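Biologist: Hi! Could you walk me through this one?
Modeller: Happy to, have a look here.

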Amino acid sequence: SLQAGLAVLLKAERLFHSSYHSQAVHIRPVCMTHWFAQLPCGGAAFLSLVQDASCLAVSWELRQTLTVVFDTFSSGQGKKDWSLFKMFSRTLTDACPLASQSKVYVDISPKNKEKELLEVTPPPVSVHEAVVQGDKRTYAVYDLLSPSLFNTSRSLNVQLKWKRPQDSSELPTPVLHAQRYVSGYGLQTGEISTLIYNTHPYRAFPVILLETVPWYLRLYVHTLTIITKGKENKPS
């Protein structure tokens, strides 16, 4: 049973009732690194970590990912407030004992510099700043391995609230967003259309498109068409 760490949030009836969920397993070979000791003239030895350039020793990396999208805006009667308990019906109690890292990141980036509108509880001990798609983002960081995190409370229920109603009830349009639909029917007229939008005023972004094909559709590569700004591009 899943009773520790972030895995306690994986409640099946909540995950499968979300707007989107995707599970993936990635396995890849990785060149191993090794330690070697150096003894300088002073006589003090120290260790250095060097990657095997010849890649004579290969290890395997296993990475499992779970992506879930909750539409809390529509399910919450137009409110942007959310919490871990509202989404998963559970809270975090402790970190996985086998994990070397266990962190929760919450995007608290203000819109139009109105930082005072956002209220995240409990207050984060640290924040992390990063540049995502050309925009500077701020994240509240909750380290489950920190001893002080569960001192005040036996569980962690991260909540984000808006102190006053927004001027507009509509969610902001992301820089990159997509729309996908199936039209027609059968092997001859059935087709999948995917529309990808870039709303950035001047910047272009590389995009990797992964399609999940329904079982009742069969795709033929020679029928693939790519149209950009009204002009057809030949796929490689």
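Biologist: Let's start with Ser-102: buried or exposed?
Modeller: Ser-102 is buried, with a relative accessible area of 6%. Buried means under 20% relative accessible area, exposed means over 50%, and partly exposed is in between, using a 1.4 Å probe and protein chains only.

Biologist: And where does Ser-102 lie?
Modeller: Ser-102 is in the loop between H3 and S6. Helices (H or I, at least four residues) and strands (E, at least two) are DSSP runs, numbered from the N terminus.

Biologist: What does Ser-102 touch?
Modeller: Not counting residues up to four places away in sequence, Ser-102 touches Leu-6, Ala-95, Tyr-142, Asp-143, Leu-144 and Leu-145. Contact here means heavy atoms within 4.5 Å.

Biologist: Before we go on, what should I know about the model?
Modeller: It is a predicted model, where local features need pLDDT of at least 70 and side-chain atom pairs count only at pLDDT 80 or more, while totals for chains, interfaces and linings use all residues. Residues are numbered from 1 along each chain as its sequence is written, and side-chain values use heavy atoms, with hydrogens and water left out.

Biologist: Thanks. How many helices and strands are there?
Modeller: The protein has 4 helices and 14 strands. Of its 236 residues, 18% are buried. Among contacts between residues at least 6 apart in sequence, 61% join residues at least 24 apart.

Biologist: Which residues of the largest nonpolar core touch the most other members?
Modeller: Those are Leu-92, Val-106, Tyr-142, Leu-144, Leu-156 and Val-158, out of 22 residues in that core. Two or more residues each come from helix H3 (84–88), strand S6 (103–107), strand S7 (118–121) and strand S9 (135–143). The largest share, 3 residues, comes from H3. A nonpolar core is a set of buried Ala, Val, Leu, Ile, Met, Phe, Trp, Tyr and Cys residues joined through side-chain atoms within 4.5 Å.

Biologist: Pick Val-106. What is Val-106 in contact with?
Modeller: Leaving aside neighbours within four places in sequence, Val-106 is in contact with Trp-82, Thr-138, Tyr-139, Ala-140, Tyr-142, Val-158 and Leu-160.

Biologist: On to charges. How many salt bridges does the structure hold?
Modeller: There are 4 salt bridges, each being a side-chain nitrogen of Lys or Arg within 4 Å of a carboxyl oxygen of Asp or Glu. One of them joins the side chains of Glu-61 and Arg-28, at 2.8 Å from N to O. Glu-61 lies in strand S4 and Arg-28 in strand S1 (residues 20–31), so this pair ties together parts that are 33 residues apart in sequence.

Biologist: What about Arg-137, which residue does Arg-137 form a salt bridge with?
Modeller: With Asp-107, where the closest N and O atoms are 2.8 Å apart. Since Arg-137 lies in strand S9 and Asp-107 in strand S6, the pair ties together parts that are 30 residues apart in sequence. Arg-137 is partly exposed at 27% relative accessibility, and Asp-107 is partly exposed at 33%.

Biologist: And Glu-129, which residue is its partner in a salt bridge?
Modeller: Glu-129 pairs with Lys-136, with 3.3 Å between the closest N and O atoms. Glu-129 is partly exposed, with a relative accessible area of 47%, whereas Lys-136 is exposed, at 59%.

Biologist: Back to S4 for a moment. Where is Gln-64, and is Gln-64 buried or exposed?
Modeller: Gln-64 sits in strand S4 (residues 58–69) and counts as exposed at 62% relative accessibility. Apart from residues up to four places away in sequence, Gln-64 touches Ala-24 and Val-25. His-26 is 38 residues from Gln-64 in sequence and 6.3 Å away in space, C-alpha to C-alpha.

Biologist: What does Thr-67 touch?
Modeller: Thr-67, also in strand S4, touches Tyr-20, His-21 and Ser-22, again not counting residues up to four places away in sequence. Thr-67 is partly exposed at 41% relative accessibility.

Biologist: Last topic: which residues lie nearest the centre of the second largest pocket?
Modeller: Thr-194, Leu-224, Thr-225, Ile-226 and Ile-227 do, out of 36 lining residues. S12 gives the most to that lining, with 8 residues. A pocket is an open set of points on a 1 Å grid over the protein atoms alone where a 1.4 Å probe fits, with protein on both sides within 12 Å along at least five of seven lines, and lining residues have an atom within 4 Å of a point.
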